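Work through the following exercises with the sequence and the model side by side. Try each task before you read its solution.

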Amino acid sequence: MRLRNLMILTVIVPLFVALVVFSFVAIKALEDNVRSKLQTEVEIITRALSTSLSYAVARDSAAPLEEALQSAFSFHRIYGAYVFDPQGREIYGLGLGKNLFTPDEIQRVIERDDLYSNYRQHDGWTYYSALIPLRSQDNTVYGVLQVNRLNTGIENYTGFISIVAVLVFIVGAGGIVLSLWWGFRRYVERPLNQILRVMLLVEDGDRRQRASVEGPAEYRRLASGLNGMLDAMAEKDRDIDDRRKREIELEKRLRKSKKLAELGVLAAGVAHEIGAPLTVINGQAQRLARRDVIGDDERARLGRIRGEVERIVDIVRQLMELGRQHNVEKERQSLNALIKSASELVEEELEPRGIRLEIALQNPEIGVMANGQQIVQVVTNLLRNAAQAPDVSLIRVRAEQQETELRLWVEDDGPGIPASHHQQVFDPFFTTKPVGQGSGLGLSMVHRIINDHGGTIGVFDSALGGAGFEITLPLSEETASA
């Protein structure tokens, strides 16, 4: 059942019933009071006239009797006064209502020997009449006095009150219903509908909806409570999303660490198995190159063989470094000094290609707990990767301190890295360079070093148009542990 109907049944209907009962009881009490007053006045007038009429009748004269009866008409709404003998015959009378009582009724009043009053109808009029025996000085009943008073005024009065009461009740009931309907709709139904609309939108998935805090105090508290609950839910959702992202990132790290560990075991086995043959090949090539009987062409080919052997040895060494567990020895380092050292190492590679290096760092200098040599290696690898990309003319390095973290960006204006390769660039042996120009282990080494420092590294599309790498490093050892 709707709240509005429930209020009508439990509040308005009982209130109206109480008003109806009270109105009828009040009108009835008023009518009874008026009638009682009328009866009392008529009986008092009748008893007063009976005394004066007793002397007038005893004198057996019409003039005193007429004067006494006429005096009765000085009272309000006395319309008839008559004197009857013991047999019910009229002795003298004035006004209306002469035949209200039969002779037998008059004789019964004499027999009762007391005042008798009652309502009577005659010729369409309603009278309230009183009869009282008239006695002489020797206590002999010699007649009956009848006093008649019209009831028309009383009926009009009580009828008018009844009509007014009904009209007041109808107007009051209509006003109450209208005011209750308007108040319920404005202060109860509308705020509830607003809160319900917000709840339905939230149920459909729009978690940004909030209820407007307005209206009565109870609804403001309800809206504030709902908004607080939605804010708490949004906060929990953000925490869950952050936790899910961290779990995904951790899972990626674990998979990559497992892959690198397996790769390290494989590299150790490969290095053990091919180390001796490579040493033999390198030694024999070196001996052949020293002989005078070979020409320059053969000596150049032997040099190439030795170069490729050295390349194989370097790749195996890098693989072993990737899979090995490292205990990073950290010290407080100046980021500006580390970036300067890395830029000096690649300066000779950038100048021939006409590549401009733009460095934007904060002032004062940012201090970070890190292994300086390894961080220089990371920045150097990223700068070389950017310089080796085709059509690169600008490389930008910038850094920013955010609360307990350091964020470092390395970007270029080259062709960039396709979005489909963003998840693979840190995998061992993955490279977009031609065969023989890259081992695909540089970015894997960078990822391992940043991971050992408790940080993160990711790739994105730079605003310069090329590839961008974002590195996050903790500023302190406590942050790294957390």
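**Exercise 1.** Which residue in strand 5 is the bridge partner of Y82?

Solution. Begin with the ground rules: this is a predicted model, in which local features need pLDDT of at least 70 and side-chain atom pairs count only at pLDDT 80 or more, while totals for chains, interfaces and linings use all residues. Residues are numbered from 1 along each chain as its sequence is written, and side-chain values use heavy atoms, with hydrogens and water left out. Strands (E, at least two residues) and helices (H or I, at least four) are DSSP runs, numbered from the N terminus, and two strands pair if DSSP finds at least two bridges between them. Next, locate strand 1 at residues 78-84 and strand 5 at residues 141-150, which run antiparallel and are joined by six bridges. The partner of Y82 in strand 5 is Q146.

**Exercise 2.** Describe the sheet to which these strands belong, and find its hairpin.

Solution. Five strands make an open sheet with antiparallel pairing, and their order is 2-1-5-4-3. At the edges are strand 2 (90-95) and strand 3 (116-122), each of which pairs on one side only. From one strand to the next the twist averages 20°, where axes are lines fitted to C-alpha atoms (for helices over the stretch in contact) and angles run from 0 to 180 degrees between N-to-C directions. Strand 3 is paired with strand 4 (residues 125-135) in the antiparallel sense over seven bridges, and Q121 stands opposite T126 of strand 4. These two strands form a hairpin with two residues between them, and D123 in the turn has a positive phi of about 55°.

**Exercise 3.** How do helix 7 and helix 8 meet?

Solution. The axes of helix 7 (residues 335-350) and helix 8 (residues 372-388) come within 8 Å and cross at roughly 35°. Among the residues in contact are L338, L345 and V346 of helix 7 and I375, V379 and L383 of helix 8. Sorted by class, the contact has 11 nonpolar, four polar and two charged residues, where Ala, Val, Leu, Ile, Met, Phe, Trp, Tyr, Cys and Pro count as nonpolar, Asp, Glu, Lys and Arg as charged, and the others, Gly among them, as polar.

**Exercise 4.** Which helix gives the most to the lining of the largest cavity?

Solution. The lining consists of E249, R253, H447, I450, N451, G455, T456 and I457, a cavity being a set of points on a 1 Å grid over the protein atoms alone where a 1.4 Å probe fits but cannot get out, with lining residues having an atom within 4 Å of a point. Helix 5 (217-290), helix 9 (442-452) and strand 11 (456-461) each give two or more residues to this lining, and helix 9 gives the most, with three residues.

Note on methods:
Contact = heavy atoms within 4.5 Å. 1 Å grid on protein atoms, 1.4 Å probe; cavity = no way out; pocket = protein on both sides within 12 Å on 5 of 7 lines; lining within 4 Å.
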